[in-house]
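Thanks for making the time this morning.

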Amino acid sequence: MPYVSTNPANTSDVVTEIELGTSRTFVEAARRAKAAQRAWARVPAPVRGQVIGNIGRLVEANFEPLAQLVTREIGKPIAEARGEVREIVDTCDFFVGEGRRLYGHTVPSEMPDKQLFTFRTPVGAAAIITAGNFPVAVPSWYIVPALLCGNSVVWKPAEYSAASARAFYDVFQAAGIPAGVFEIVFAEGSETFDGLEQSLREGLVDKVGFTGSSEVGVRIGELCGRHLQTPCLELGGKNPMVVTEDADLDLAVQGALFAGFGSAGQRCTSLGTAIVHESVHDEFLTRFVEAVSTATVGDPTGDVLYGPLLDEKFALAYEKYLGWIGEHHTVHGPTGRITDSSPRNGFTGENGFFYHPAIVSGVRADDELFLQETFGPIVGVMRYSDLDEAIELGNRPGYGLSCSIYTTDPDKAFRFRAGISAGMVSVNNSTSGAEAHLPFGGNGKSGNGSRQSGVWVLDQFTRWQSMNWDYSGTLQKAQMDTLAIEADLDFRLA
């Protein structure tokens, strides 16, 4: 079945057309990856690190074409697209060295003439399924460490970012990865799920990594659990930003602007609700509304805060979220699609999925707008009276990916960190913006506690194996044949 990927800023611009596979396509790719994995694992880890280094250099050599393609295909502003491509390079640079640091341990034995060892071993064949809002950076978080650790990979990217995914795959292939070690499959979601289910049943997949919605993540988790596997799940977020009474309000507004509306609010780490102390609520809201009203929305190849929504299906979903605005809310500015009849500062959004930025105040703790992820350019604002209340509100939706607090009081910063359930906490910074050497991931509806990036992701793509080597020439039984040294435990000083 063909799929046409178009430019969301100009839907008449066809970026690529691909043929979608079936569940069988996925299974066949998994079978090839499984067959190729053992030989790849036998390649010394420092040499696998050299391949990762090759990938980084090739991405640098193709930096601008890849960034431009990302902007054209998903509408991400070019500055952000360049940052995304840079993140692949940063990830590769980090993991080059890890090829020489896949350390195990030598452990002392309780018995003589015996040595104990631990080793990191590859998991096997990994199935990686990613969303298209970060079509090249997020896949690198999975694929680079998975390959470095000696695993093979079957990657299913989002259809609406197919051209970016193909370019990413081609660059990786040019780095010297052996045939079968890295496979790409384009398929619709239900076919992918069926293929994954069959692959797990046949023992072709040993690890699943998934980035996407919480709803699909639950299904992936259930499927993997039936096969005694723990997936790496990076899911949605409803990320709070707490603004305290002592905050630098101008800085808080800058953070809210980027966190709420960068990438058109289409990040899992995008700001969901600004929870603002009652004493500065009105002033913060006035400044925030002013900053948003003057921000540029438009052609993503230029200097804009954000461009279009990713694809028509995301535009339709976002219009549903706008329907959650109730009578008790106050909406600051126009909402909905930017058109000739509803322009934004002269911009009409012709042929694209462009939407007005929405700030909604008067949000309550039982609102759908507060409790559910809203993947698009909308931010809620609400009041709080003391920090414990703010922490409770931040935890209430049940997500736990990212959060931030704006304060000049270290006590508030550390109390917030200790009480909030999010996997990532920012102080006087945006809810968005991950560095390649820090653990990335969430809790609750945002994930199952698995982490990506940095050394922490190694635990996703390796398993610990222990070995004991007894060279005593006799059978020594643990806990039974151990040497006991007698002590006079009744001794007391006079």
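Predicted model: local features only at pLDDT ≥ 70, side-chain atom pairs only at ≥ 80, totals over all residues.

The largest cavity here has a volume of about 60 Å³, where a cavity is, on a 1 Å grid over the protein atoms alone, a set of points where a 1.4 Å probe fits but cannot get out, and the volume is the space filled by probe spheres set on those points, which are joined across faces, edges and corners. Residues are numbered from 1 along each chain as its sequence is written, and side-chain values use heavy atoms, with hydrogens and water left out.

A search of the whole structure finds five cavities of 30 Å³ or more. Around the largest cavity, the lining, meaning residues with an atom within 4 Å of a point, includes Gly237, Lys238, Arg267, Leu271 and Glu373. The lining divides into two nonpolar, six polar and three charged residues, with Asp, Glu, Lys and Arg counted as charged, Ala, Val, Leu, Ile, Met, Phe, Trp, Tyr, Cys and Pro as nonpolar, and the others, Gly among them, as polar.

Now to the sheet. Seven strands form an open sheet with mixed pairing, in the order S12-S13-S14-S11-S10-S16-S17, and its edge strands, each pairing on one side only, are S12 (330–331) and S17 (424–427). Strands are DSSP runs of E of at least two residues, helices runs of H or I of at least four, both numbered from the N terminus, and two strands pair if DSSP finds at least two bridges between them. Strand S11 (residues 271–277) pairs with strand S14 (residues 378–384) in the parallel sense over five bridges, and Ala274 stands opposite Val381 in S14.

Next, Glu234, which UniProt lists, in an unreviewed entry, under "active site"; such annotations may be inferred rather than shown by experiment. Is Glu234 buried or exposed? Glu234, which sits in strand S9 (residues 232–234), is buried, with a relative accessible area of 2%, where buried means under 20%, exposed over 50% and partly exposed in between, using a 1.4 Å probe and protein chains only. Leaving aside neighbours within four places in sequence, the contacts of Glu234 (heavy atoms within 4.5 Å) include Tyr142, Cys268, Phe440 and Gln452.

Finally, Val51, in helix H2 (residues 45–61), is buried as well, at 10% relative accessible area.

Note on methods: 1 Å grid on protein atoms, 1.4 Å probe; cavity = no way out; pocket = protein on both sides within 12 Å on 5 of 7 lines; lining within 4 Å.
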